[in-house]
Amino acid sequence: MFVVVTDHTATTADPARPEAAWKGDRASFKIGRWLEQVSTTVLESGDSHVIVAPLPGDRAVLARNVPRGGSLVAGPPLTGVDYRAVARPDGYTVEASFPWASLGLGTPRAGSMLALNLDVSDAVASGPQRGQLAPLVSTNPRRTSNDAAGRGRWGELTLSE
């Protein structure tokens with residue numbers, strides 16, 4: 001994953017609470033098996049929501065959410081991930097590489113289909129709403145939440161050689 005974000009007012013997450021990485025600016029993706037029909041009430045076993053959030057000093061926090069019924073909740077940490085965020089005068093970049101096995105999606109093969117949704121989220125920088133979601137850019141323009149109702153709108157990704 002490589003993302004370049006323009007944001008003149010960065011809002012960083014709390015490094016001591018990776019499960020709350022969503023309370024700062026972040027780049028994230030949701031990934032799971034491609035299914036022709038999905039539930040609108042329960043997320044699929046094996047789905048993941050992976051977040052990389054910038055921290056001061058060109059650091060980042062990594063978090064993973066997993067399904068619990070129709071919602072995504074804090075999940076076990078990802079292992080073997082190489083990730084970082086680098087501040088720029090007009091924002092930040094996020095770069096991460098994930099061992100395929102860490103995503104729990106089986107063995108990658110040419111022609112395998114996955115469901116994927118990419119997001120860049122901006123958090124309110126100050127005041128009583130600090131950390132709340134502000135603008136969101138997503139490959140799913142109708143995305144409004146991280147629940148099962150949106151699972152059917154994740155994009156289709158076909159692996160190639």
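Strand β4 is largely enclosed by the rest of the structure, because 7 of its 10 residues are buried. "Buried" here is under 20% relative accessible area, "exposed" is over 50%, and "partly exposed" is in between, using a 1.4 Å probe and protein chains only. Strands are DSSP runs of E with at least two residues, numbered from the N terminus.

A quick word on what you're looking at. This is a predicted model, so local features need pLDDT of at least 70 and side-chain atom pairs count only at pLDDT 80 or more, while totals for chains, interfaces and linings use all residues. Residues are numbered from 1 along each chain as its sequence is written, and side-chain values use heavy atoms, with hydrogens and water left out.

**Around β4**

Let's stay with β4, which covers residues 59–68. β3 and β4 pair in the antiparallel sense, over 7 bridges; two strands count as paired if DSSP finds at least two bridges between them. Val52 has Leu62 in β4 as its bridge partner. The two strands make a hairpin with 3 residues between them, and Gly57 in the turn has a positive phi of about 75°.

Asp58 also sits in the loop between β3 and β4. Its phi is near 55°, a positive value in a residue other than glycine. Most residues other than glycine have a negative phi. Asp58 is partly exposed, with a relative accessible area of 40%.

β4 is also joined to β5 (residues 71–74) by 4 bridges, again antiparallel. Here Asn65 stands opposite Ala74 in β5. In this hairpin there are 2 residues between the strands, and Gly69 takes a positive phi near 65°.

**The β1-β7-β6 sheet**

Now for another group of strands. Three of them form an open sheet in the order β1-β7-β6, with antiparallel pairing. β1 (2–6) and β6 stand at the edges with a single partner strand each, so one side of each is left without a neighbour in the sheet. From one strand to the next, the twist averages 10°, with angles taken between N-to-C directions on a scale from 0 to 180 degrees, along axes fitted to C-alpha atoms.

β6 (residues 82–88) and β7 (residues 91–97) are joined by 7 bridges and form a hairpin with 2 residues between them. β1 is joined to β7 by 5 bridges.

Here are some bridge partners from the pairings above:

| Residue | Opposite residue |
|---|---|
| Asn65 | Ala74 in β5 |
| Val86 | Thr93 in β7 |

**The largest pocket**

How much volume does the largest pocket have? About 270 Å³. The volume is the space filled by probe spheres set on the points, which are joined across faces, edges and corners.

There are 18 lining residues, and the closest to the centre are Met1, Phe29, Phe98, Leu116 and Leu118. β2 (26–33), β8 (113–123) and β9 (133–138) each supply at least two residues of the lining, and β8 gives the most, with 5. By class, the lining has 14 nonpolar, 3 polar and 1 charged residues. In this scheme Ala, Val, Leu, Ile, Met, Phe, Trp, Tyr, Cys and Pro are nonpolar, Asp, Glu, Lys and Arg are charged, and the others, Gly among them, are polar.

**An aromatic pair**

Phe29 and Phe98 turn up again as a ring pair. Rings of Phe, Tyr and Trp (its six-membered ring) pair if their centres lie within 6.5 Å; planes under 30 degrees apart are stacked, over 60 edge-to-face, and the rest tilted. The count comes to 1 aromatic pair. The rings of Phe29 and Phe98 have centres 5.3 Å apart and planes at 85°, so this pair is edge-to-face. It links distant parts of the chain, with Phe29 in strand β2 and Phe98 in the loop between β7 and β8, 69 residues apart. Both residues are buried.

**Two more residues**

Ser45, in the loop between β2 and β3, is exposed at 66% relative accessible area.

Terms used: On a 1 Å grid over the protein atoms alone, a cavity is a set of points where a 1.4 Å probe fits but cannot get out, and a pocket is an open set with protein on both sides within 12 Å along at least five of seven lines; lining residues have an atom within 4 Å of a point.
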